[in-house]
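Me: I'd like to learn how to read a protein model, one feature at a time. Could you take me through this one?

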Amino acid sequence: MTNSNPVSSNAYEYLDNVGPEEQARLEAVRRYRLVDQPVEDAYDRIAYVAGAIFDTPIATVSLVEQDRVWLAACQGLSGVREVGKEPGLCASVIAQDDVYVINNAAVDPRTLEHPLVRGELGLRFYAAAPIRTHDGYRLGTVNVIDNRPREASQRQLQALEHLASMVSDELELRLMVIRSAAAEQRMRETVS
């Protein structure tokens with residue numbers, strides 16, 4: 001896998017301490033140039049639809065970096081653009097291919113000590129589908145959050161998977177634009 005835009009050797013020093021699989025995944029996150037960018041309408045609409053399907057107060061489109069989770073879109077948490085990765089619900093989702101569901105975080109052993117469960121947010125329900133690239137990397141999630149326990153229907157979970165696939169498609173379109181712009185720039189430099 002090649003990156004059409006080389007970066008200086010120390011631009012991503014945090015990648016030095018990760019294994020080769022995680023480094024490749026982090027490079028895949030970076031190639032789309034979405035982290036630390038303003039919210040784009042396409043991702044914001046997807047988060048909105050996810051929240052509407054589940055009738056939850058919070059829904060996000062997230063990208064998992066090594067030390068943080070970047071919220072490419074977030075419905076229901078104004079002003080929040082990133083959260084810490086540990087102890088990471090989103091990081092747990094990208095470790096698998098399936099939808100990840102927590103019906104009641106207050107009694108689920110995976111989340112009993114989680115700060116979002118024990119803290120002010122009072123997270124109780126969480127469902128997320130991994131965002132998978134066309135070349136197999138799991139970059140982040142489309143997820144929904146509620147402060148009350150609940151059950152999700154199979155249809156809702158399938159819809160969440162479809163929304164994650166839509167994010168993947170949007171990312172591929174974004175990558176095509178990035179690569180086209182880089183090719184145009186190279187061509188201009190060659191002509192000049």
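Me: Which ring does the charged end of R110 sit over?

Reply: The general rule is that a charge sits over a ring if NZ of Lys or CZ of Arg is within 6 Å of the ring centre and within 35 degrees of the ring normal. Here, the charged end of R110 is over the ring of Y100, 4.7 Å from the centre. R150 does something of this kind with F125, lying over the face of the ring at 5.5 Å from its centre. Before we go on: this is a predicted model, where local features need pLDDT of at least 70, side-chain atom pairs count only at pLDDT 80 or more, and totals for chains, interfaces and linings use all residues. Residues are numbered from 1 along each chain as its sequence is written, and side-chain values use heavy atoms, with hydrogens and water left out.

Me: How many aromatic pairs does the structure hold?

Reply: A pair of aromatic rings is described by the distance of the centres and the angle of the planes. Rings of Phe, Tyr and Trp (its six-membered ring) pair if their centres lie within 6.5 Å; planes under 30 degrees apart count as stacked, over 60 as edge-to-face and the rest as tilted. There are two such pairs here. For F54 and F125 the centres are 6.2 Å apart and the planes are at 35 degrees, so this pair is tilted. Since F54 belongs to helix 2 (residues 41–54) and F125 to strand 5 (residues 125–132), the pair ties together parts that are 71 residues apart in sequence. Y100 and Y126 make an edge-to-face pair, with 6.3 Å from centre to centre and 75 degrees between the planes. Y100 is in strand 4 (residues 100–102) and Y126 in strand 5, 26 residues apart.

Me: Are F54 and F125 buried or exposed?

Reply: Buried means under 20% relative accessible area, exposed over 50%, and partly exposed in between (1.4 Å probe, protein chains only). F54 and F125 are both buried, and Y100 and Y126 are buried too. Over the whole protein, 43% of the 192 residues are buried.

Me: Which residues of helix 2 are buried?

Reply: An α-helix has 3.6 residues a turn, so residues three or four places apart point the same way. In helix 2 the buried ones are A42, Y43, I46, A47, A50, G51 and F54. They pack against strand 1 (58–64), strand 2 (68–75), strand 5, strand 6 (138–146) and helix 5 (154–191). Just past the end of helix 2, D55 has a positive phi of about 55 degrees.

Me: In what order do the six strands form the sheet?

Reply: Two strands pair if DSSP finds at least two bridges between them. In this open sheet the order is 3-2-1-6-5-4, with antiparallel pairing. Strand 3 (82–84) and strand 4 are at the edges with a single partner strand each, so one side of each has no neighbour in the sheet.

Me: How many bridges pair strand 5 with strand 6?

Reply: Eight, in the antiparallel sense. Along the way, A129 stands opposite V142 in strand 6. The two strands form a hairpin with five residues between them, and G136 in the turn has a positive phi of about 95 degrees. Strand 5 is also joined to strand 4 by three bridges, and I102 has Y126 as its bridge partner. Seven of the eight residues of strand 5 are buried.

Me: Which residues is T133 in contact with, leaving aside its neighbours within four places in sequence?

Reply: Contact means heavy atoms within 4.5 Å. T133 is in the loop between strand 5 and strand 6, and its contacts are R31, Y32, L139, S168 and E172. T133 is buried, with a relative accessible area of 7%. S168 is 35 residues away along the chain, yet the C-alpha atoms of T133 and S168 are separated by 5.6 Å.

Note on methods. Helix = DSSP H or I, 4+ residues; strand = E, 2+ residues; numbered from the N terminus.
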